[in-house]
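Here is a friendly tour of one model, from a helix residue to its charged pairs. Have the structure open as you read.

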Amino acid sequence: MRIYLSAYRLGARAEVLATDGGRAAIVMNALDPFPDRLRSWARETSDLARLGYSSTELDLRQFWGDPHALTGRLADVDLLWVVGGNAFVLARAATAAGLASALHRSPHLTYAGYSAGACLTSLDLAGIDLMDPADELPQGYRADMPATTLNLTGTRIVPHAGTPEADAAQRHLASAGLACTALADGEDLLVNF
């Protein structure tokens, strides 16, 4: 699986994702706490259209408890684009849907995400509680839902480096002896390209 991560939207090397006639599924669940969770939909689809993708939404809530159905849905797309918002909400949605196991059964797929979508690929969400409220529970989410990451990168991703919140997260991780990769807005990280 190829992995493309950025701090915010498309980073400096986003052209590596360019294709002709690609199919993308956009995960907006990090925005579930907001009534207007699809407010950036036109922007997201436009960004991906410039890279050659037609897009549909993949709402992980529709697959809670049914990872085999999610694997089938991922078989129909080339790119999974996971947007920013609350990393803990996103991790709860992904865990409940069995996204980690579905991705392992989808080696053809490119995982691409920014902000919370990048954090989801981390070893864990240590330090991210200094950036996002860890206890935020949108309608339908429960406190006993684990916020487990995908552990695709072997490190911790801290987006928006240079902001006070990200700098606090980096200091916290450093003081605990935990490694991280910090990405400033505009920066990106490529894995298996």
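## A residue in helix α2

T71 sits in helix α2, residues 67-74 (helices are DSSP runs of H or I with at least four residues, strands runs of E with at least two, numbered from the N terminus). This is a predicted model, where local features need pLDDT of at least 70 and side-chain atom pairs pLDDT 80 or more, while totals for chains, interfaces and linings use all residues. Residues are numbered from 1 along each chain as its sequence is written, and side-chain values use heavy atoms, leaving out hydrogens and water.

T71 counts as buried, at 15% relative accessibility (buried is under 20% relative accessible area, exposed over 50%, partly exposed in between, with a 1.4 Å probe and protein chains only). Leaving aside residues up to four places away in sequence, T71 touches A102, R105 and S106 (contact means heavy atoms within 4.5 Å).

## Salt bridges

The structure holds twelve salt bridges (a side-chain nitrogen of Lys or Arg within 4 Å of a carboxyl oxygen of Asp or Glu). One of them joins E57 and R37 at 2.9 Å, N to O. This pair links distant parts of the chain, 20 residues apart: E57 lies in strand β3 (53-57) and R37 in the loop between β2 (22-27) and α1 (41-50). R37 is buried at 12%, whereas E57 is partly exposed at 27%.
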